[in-house]
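Please look over the sequence and the model below before reading on.

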Amino acid sequence: MSVEVEHVELRAARRADAVAVAEIWYRGWCDGHLGNVPDALVAVRTRESFSERVPRRLADTTVAVVGGEVAGFVMVVDDEVEQVYVAERHRGVGVAVVLLEEAERLVAAGGHRQAWLAVVPGNARARRFYERNGWTDQGPFEQFAPRDQGQVTVPAHRYVKRLADEAQRHSTRRPAEKSRPRRPE
Ligand SMILES: CC(C)(COP(=O)(O)OP(=O)(O)OC[C@H]1O[C@@H](n2cnc3c(N)ncnc32)[C@H](O)[C@@H]1OP(=O)(O)O)[C@@H](O)C(=O)NCCC(=O)NCCS
């Protein structure tokens with residue numbers, strides 16, 4: 001697919017981004033997960049639950065800014081690309097790939113040679129996006145999502161990608177990307 005790549009600025013998330021990140025996360029979660037995950041998980045993934053989680057997760061979050069507004073974000077923890085979310089009106093134009101490449105760079109900068117992520121089987125758009133960007137489906141596994149009382153078992157697929165050396169990634173970085181050092185955990 002040929003896409004118009006929007007001008008994307010990448011930067012570490014700030015406290016002032018929390019509301020925008022929570023809204024993109026909640027709406028995107030609904031798009032990718034409703035009908036694709038157990039009802040018990042839907043019951044705890046309320047709009048408020050995302051607003052509560054975001055402030056605790058800002059240190060792991062990189063946002064993509066387009067035209068002065070937060071258009072999407074990624075969260076990276078160790079070798080896991082935990083979240084990749086783009087606001088609906090910025091999908092299909094290349095914002096997501098800039099974020100995914102930054103997430104891969106952060107994993108590689110942390111000394112890992114392989115990144116992984118989880119995606120639910122019915123999230124066809126995300127799976128297609130990962131596969132188009134060089135990620136490999138390693139098959140199904142059970143993810144355990146915590147909730148107040150116990151946890152919810154969520155069938156998911158594990159995707160992995162081998163990462164180039166960090167030095168090589170720097171020399172091949174696309175101009176749309178803006179680098180920043182990895183923040184301490
Ligand atoms: C996943 C996400 C980040 C991808 O970003 P994007 O800008 O939508 O990605 P792209 O449009 O570049 O790529 C999506 C691919 O899926 C295809 N696609 C679109 N809708 C689809 C559908 N319903 N079923 C299957 N494929 C679909 C697109 O055509 C494209 O493939 P192509 O490049 O071969 O044409 C974004 O869709 C999003 O934020 N989704 C909601 C949140 C989410 O599910 N995040 C991932 C959690 S694991």
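Which residue in E3 does threonine 62 stand opposite? Threonine 62 stands opposite valine 74 in E3, where E marks a strand, a DSSP run of at least two residues, and H a helix, a DSSP run (H or I) of at least four residues, both numbered from the N terminus. Residues are numbered from 1 along each chain as its sequence is written. The model is a predicted one, in which local features need pLDDT of at least 70 and side-chain atom pairs count only at pLDDT 80 or more, while totals for chains, interfaces and linings use all residues.

Strand E2 covers residues 61-66, and five of its six residues are buried, a residue being buried if 20 or more other C-beta atoms, placed from the backbone, lie within 10 Å of its own, exposed if 12 or fewer do, and partly exposed in between. On one side, E2 pairs with strand E1 (residues 9-12) in the antiparallel sense over four bridges, pairing being counted if DSSP finds at least two bridges between two strands; here leucine 10 stands opposite alanine 64. E2 is also joined to strand E3 (residues 69-77), again antiparallel, by six bridges. Two residues lie between E2 and E3 in the hairpin that they form, and glycine 67 in the turn has a positive phi of about 55 degrees.

Alanine 64 returns in the largest nonpolar core, which has 41 residues; together with Val21, Phe73, Val95, Leu99 and Ala103 it touches the most other members. Such a core is a set of buried Ala, Val, Leu, Ile, Met, Phe, Trp, Tyr and Cys residues joined through C-beta atoms within 7 Å. Among the elements that give two or more residues to this core are helix H1 (18-33), E2, E3 and helix H4 (95-109), and H4 gives the most, with ten residues. Leaving aside residues up to four places away in sequence, valine 21 touches Ala13, Val54, Thr61, Val63, Val70 and Phe73.

Taken as a whole, the chain has six helices and seven strands, and buried residues make up 29% of its 185 residues. Of the contacts with a separation of 6 or more, 71% are between residues 24 or more positions apart, a contact meaning that the C-beta atoms of two residues, placed from the backbone, lie within 7 Å.

As to confidence, the chain averages a pLDDT of 90, and 86% of the residues score at least 70; pLDDT is the predictor's confidence in each residue, from 0 to 100. Over residues 174-185 the pLDDT is below 50, and this stretch has 19 contacts in the model beyond near neighbours in sequence.
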